[in-house]
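Here is a short report on side-chain pairing and helix packing. Keep the structure in view while reading.

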Amino acid sequence: MTNGTATPTDLDTRLEAHRTELTGYCYRMLGSSFEAEDAVQDTMIRAWRSYDKFEGRSSLRSWLYRIATNVCLDMLTAGNKRARPMDLTESTPLAQAALTPRPDNTWLEPMPDARVLPTTDDPAEAAIAKESVRLAFMAALQQLPAKQRAVLILREVLAWKAGEVAELLGTSVASVNSALQRARATLAERKEPGADATVSDPLDEDQQKLLDRYVAAFEGYDMTALTSLLHEDAVMTMPPFDLWLTGVGDITGFMTTLGAPCAGSRLVPVQVNGLPGFAQYKPDPEKGGFSPWAVQVLEISDGRITGFHCFLDTQRWFPLFDLPLHLEAETDQVEQGA
């Protein structure tokens, strides 16, 4: 089938086949779940409108990546770099903890794995894809200039050849290689919290047991049990607040003071940013049952939890993860007893 004979249905099907990988690419470029989906939608519209001019000199996939790259570069001209709390402030001792929110566009955002990780039968390819959306790597990408970011993602994550990237960006192979070298050097200089997170795919037996113990400790709000699971230098973040805490004492201390209303919560597993995570529902004293409170993302290293990241804007995150905005107590009890 040539581009000249593609029916609207044919073209829709061909474009949609690339949506997940394009969303992953735009997410790595932009650091925002919703901006990534907007960028892909813009890419699809541009591709649809200009398809009659697509001469097939490159593959449809390459052409779509060229459009998506231009969309992302346009969106990044404002210079906004998505960040994690530790990129913006120093760690705060619990005694000085204050919950100060910053605007939504400040923060690196979480993303469900299913929206950005295409299915593959190659375990090595799947592992690279998961590692490339982890929070620490995403935070590091945000420190790169936009074109270096594109080069690094295309070359290191998607395994494009230098010539292919040069053609896509309309530049030389030498320029691509130079940008890649500078990007690698920048990342090598940075030590992102969470960069040592090691999670097998699927989870190995010890990691699954660690998560099971975490769920029991958190739902039981058992700080002694939770302490045994946290690394001594564990980090806790809570976007949209810029506060972040370091160390078991401050984390558990926060949970029993400012975080005390989370006692009695329920956790529902989610796959997020290539890492284990949970949707946290806390007791709702007004409606009964449980209301959304956070999407938790856990970083694990050497059998302990090293990162505990809670994204609190539930009106945005829970629909993104196809999660209900309320859990009935009766339903929860039935599921717990099943």
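Predicted model: local features only at pLDDT ≥ 70, side-chain atom pairs only at ≥ 80, totals over all residues.

Glutamate 109 sits in the loop between α5 (85–88) and α6 (113–116), while arginine 316 belongs to helix α15 (residues 314–320), so the pair ties together parts that are 207 residues apart in sequence.

The two partners have their own accessibilities. Glutamate 109 is buried, with 2% relative accessible area. That value falls under the 20% cut-off for buried. Arginine 316 is partly exposed, at 22%.

Aspartate 313 has a relative accessible area of 23%, so aspartate 313 counts as partly exposed.

Which residues make up the salt-bridge network? Glu35, Arg82, Glu109, Asp313 and Arg316 are linked in it. The count for the model is 13 salt bridges.

## A pair within helix α12

Lysine 209 and glutamate 205 form another salt bridge. Their closest N and O atoms are 3.3 Å apart. Both residues lie in helix α12 (residues 205–219), four residues apart, which means about one helical turn separates them.

Is glutamate 205 buried or exposed? Glutamate 205 is exposed, with 57% relative accessibility. Lysine 209 is partly exposed, at 45%. The boundary for exposed is over 50%, so a value of 45% stays in the partly exposed class.

## Packing of α9 on α11

Helix α9 (residues 146–157) packs with helix α11 (residues 173–189). The angle is about 95°, and the axes are 9 Å apart. α9 is therefore roughly perpendicular to α11. The range for that class is 65 to 115 degrees.

Which residues meet at this contact? From α9 come Gln148, Val151, Leu152, Arg155 and Glu156. From α11 come Val176, Asn177, Ala179, Leu180, Arg182, Ala183, Arg184 and Leu187. By class, the contact of α9 with α11 holds seven nonpolar, two polar and four charged residues.

## Recap

Glutamate 109 and arginine 316 connect a loop to helix α15. Lysine 209 and glutamate 205 pair inside helix α12. Helices α9 and α11 meet at about 95°.

Note on methods: Residues numbered from 1 in each chain as written. Heavy atoms only, no water. Axes fitted to C-alpha atoms, helices over the stretch in contact; angles between N-to-C directions. Helix = DSSP H or I, 4+ residues; strand = E, 2+ residues; numbered from the N terminus. Parallel < 35°, antiparallel > 145°, perpendicular 65-115°, else oblique. Contact = heavy atoms within 4.5 Å. Nonpolar A, V, L, I, M, F, W, Y, C, P; charged D, E, K, R; others polar. Salt bridge = Lys/Arg side-chain N within 4 Å of Asp/Glu carboxyl O. Buried < 20%, exposed > 50% of the residue type's maximum accessible area, 1.4 Å probe, protein only.
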